[in-house]
Amino acid sequence: MTTPVLPPWRPLIKAAQRREGRSPSARWLQLATVGQNGHPRVRTLVFRAWTDANQLELFTDTRSQKIKDLDYQPAVEICWLFTKAREQYRFGGVANVINSDNNREVCLQKWLGLSPSGRSVWGWPSPGEVLNRHAAFPEVLSDDEPMPDHFSVLRIEIDHVERLHLGPHPHHRTRWQRNQNWRTEELNP
Ligand SMILES: Cc1cc2nc3c(=O)[nH]c(=O)nc-3n(C[C@H](O)[C@H](O)[C@H](O)COP(=O)(O)O)c2cc1C
């Protein structure tokens, strides 16, 4: 397999990530979807990996509202703030939902790569439903536990990126679009 040529914004993100150090919050980003009622919804997810030059991977639960939103409208926006670097990235793209029905192998591989405590939330009752205080909320799911069918992987195919850097005066705002071959465009901040 040949190494994909990275778009120009990827090394910038790598440098920003490096500045954040080992802080867990360096991997927290916000994913916005649009619901069937036309209303936007945004929530925090953990960045898991780059799976291609312009493809980012997240893990989620097929029982959650965001999956219903994505069934209706797969276009998403992601906002990722790097506080130490004082840089905001916005990614526009399309989400592909990989689940145990359409690609059990990929799900299983990702599932086994998680720590037992990292897996635990997928052992909890359906997210967003009314709390049942008697339901089980395990703190770990060991390697022996079967992968829950609702574990799923989101792959976001990114088609445009905007960066805002608050470091210099005036601030730098840059845009890259896939259909422009990721040409760098400087914008007013
Ligand atoms: C720091 C942090 C990290 C989170 N990481 C994830 C994650 O990786 N995947 C996920 O599905 N939800 C994650 N959540 C929970 C989501 O923000 C959200 O509450 C949940 O996915 C339900 O969202 P929905 O009802 O909009 O679908 C995280 C929340 C926080 C505060």
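A polar contact is a pair of N or O atoms within 3.5 Å; within protein, one atom must be able to donate a hydrogen and the other to accept it, and residues adjacent in sequence count only if both atoms are side-chain atoms. The model on display is predicted, with local features needing pLDDT of at least 70 and side-chain atom pairs counting only at pLDDT 80 or more, while totals for chains, interfaces and linings use all residues. Residues are numbered from 1 along each chain as its sequence is written, and side-chain values use heavy atoms, leaving out hydrogens and water.

Please select the ligand. An oxygen atom of the ligand lies 3.2 Å from an N or O atom in the side chain of Arg 48. For the side chain of Arg 41, the corresponding distance from a ligand oxygen is 2.8 Å, and for that of Lys 66 it is 2.6 Å. The elements giving two or more residues to the shell around the ligand are β2 (40–46), β4 and α2 (65–72); strands are DSSP runs of E with at least two residues, and helices are runs of H or I with at least four, numbered from the N terminus. With 5 residues, β2 gives the most to this shell.

Next, select Glu 57, which is placed in strand β4 (residues 55–61). Is Glu 57 buried or exposed? Its relative accessible area is 1%, so Glu 57 is buried (buried means under 20% with a 1.4 Å probe, protein chains only).

Key: Buried means under 20% relative accessible area, exposed over 50%, partly exposed in between (1.4 Å probe, protein chains only).
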